[in-house]
Amino acid sequence: MPRTRRSTLIGLLAGGLLATFAGQPAKATPAVDTALVLAIDASGSIDPVEFQLQRDGIAAAATSPDFLDMLQFGRHGRVALAYVEWGGPGSARTQVDWMFVEDAEGAEAFATAVLAANRSPQSYNAIGDAITHSQELLVACPCQAERQVIDISGDNPDSRSLVPAPLARNRAIEAGITINALAILQDAFVGNSGKPWLVEAYERTVIGGPGAFVMTAVNRRDFQRALLDKMILEIAAGPRALAEAMARVENLPSVTFQ
């Protein structure tokens, strides 16, 4: 990637981080650099093999040496992770509640919990309700987080939410939360902007907050690579950390500053 684009992305994301840090209340215990909700698509359109690929991808990303290395760049060297499955209207479910990761042992514990959870019963396709549920989960996090991030992954746009995705997104932004998305591409259809149509949909209706972005996976087997890249960027705190994160990311996302 050209140096100018990398510099622009670093500037956008760093500016978003500074906006997030501003006005933070007094630090509580335990303090974390990022509280991150991983909300994955468990809707009825996803077969058991595809679903397992997603769970395996989360476990592998959370225990990756690159992800663990990035923790050292945070002020606290610790993040809080939670795992949510979403699908039908009002049915998003917390499958793994908040766990703290600051080393390989904590990462392994989180990965084990994700892999051991029973799949939740879901229909499809309510991203707005997934955002609403994830925001409530962030409010309940037993931590003081310098950043709050919701990480939505899916293969289709919102269609049946009780709270439409744009409204849920706006409420989360008002609460100081950033929402990023991972678009699992099902076809090669390109929208008017030249981006994949699902990326366009997620940029328009799902993502928001400082430095929000959409990452793409070309299919579910690419989910692990894309999720790892996404998580590395999401926990990077400060310009030096972002520069390091971008050096480790295979395919930088399109970034929108909102």
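Visitor: How many helices and strands are there in the protein chain?
Guide: In this model, which is predicted, the protein chain holds nine helices and seven strands. The chain has 258 residues, of which 55% count as buried, and among its contacts between residues at least 6 apart in sequence, 79% join residues at least 24 apart.

Visitor: Why does Lys230 count as buried?
Guide: Buried means under 20% relative accessible area, and Lys230, at 0% relative accessibility, therefore counts as buried. This lysine belongs to helix H8, and, leaving out residues up to four places away in sequence, Lys230 touches Asp151, Ile152, Asn180, Ala181, Leu182, Phe213 and Met215.

Visitor: Why is Ala42 called buried, and where is its place?
Guide: The place of Ala42 is in the loop between S1 and H2, and, since the cut-off is under 20%, its relative accessible area of 1% makes Ala42 buried.

Visitor: What makes Arg119 a residue whose charged end sits over the ring of Phe51?
Guide: The distance criterion asks for CZ of Arg within 6 Å of the ring centre, and there is also a limit of 35 degrees from the ring normal; the charged end of Arg119 is 4.3 Å from the centre of the Phe51 ring and is assigned as sitting over that ring.

Visitor: How many aromatic pairs does a search of the whole structure find?
Guide: The search finds zero aromatic pairs; to count, ring centres would have to lie within 6.5 Å.

Visitor: Which residues have the most contacts inside the largest nonpolar core?
Guide: They are Ile58, Met70, Tyr83, Phe110, Leu227 and Met231, in a core of 42 residues. Helix H8, residues 223-235, supplies the largest share of this core, eight residues. Another core, of 35 residues, lies apart from it and has Cys141, Ala172, Ile177 and Val214 among its members. As for Tyr83, the residues that it touches, beyond four places in sequence, include Leu38, Ile40, Phe51, Ile58, Phe110 and Val114.

Visitor: How do you know that the span of helix H4 agrees with its number of residues?
Guide: At 1.5 Å a residue, the 13 residues of H4, 104-116, should span 18 Å, and because the end C-alpha atoms are 18 Å apart, the two values agree.

Visitor: Which residues of H4 are buried, and what puts them on the same side?
Guide: Gly106, Ala107, Phe110, Ala111 and Val114 are buried. They cover an arc of only 135° around the axis, and therefore lie on the same side of H4. The face turned away from the buried side carries the exposed residues Glu105, Thr112 and Ala116, whereas the buried residues are covered by elements including strand S1, helix H2 and helix H3.

Visitor: Why is helix H5 described as largely enclosed by the rest of the structure?
Guide: Because 10 of the 13 residues of H5 are buried, the helix is largely enclosed; among these buried residues are Ile127, Asp129, His133, Gln135 and Leu138.

Definitions and conventions:
Residues are numbered from 1 along each chain as its sequence is written. This is a predicted model: local features need pLDDT of at least 70, side-chain atom pairs count only at pLDDT 80 or more; totals for chains, interfaces and linings use all residues. Side-chain values use heavy atoms; hydrogens and water are left out. Rings of Phe, Tyr and Trp (its six-membered ring) pair if their centres lie within 6.5 Å; planes under 30 degrees apart count as stacked, over 60 as edge-to-face and the rest as tilted. A nonpolar core is a set of buried Ala, Val, Leu, Ile, Met, Phe, Trp, Tyr and Cys residues joined through side-chain atoms within 4.5 Å. Buried means under 20% relative accessible area, exposed over 50%, partly exposed in between (1.4 Å probe, protein chains only). Helices (H or I, at least four residues) and strands (E, at least two) are DSSP runs, numbered from the N terminus. Contact means heavy atoms within 4.5 Å. The expected span of a helix is 1.5 Å times one less than its number of residues. The arc is that of the directions from the helix axis to the C-beta atoms.
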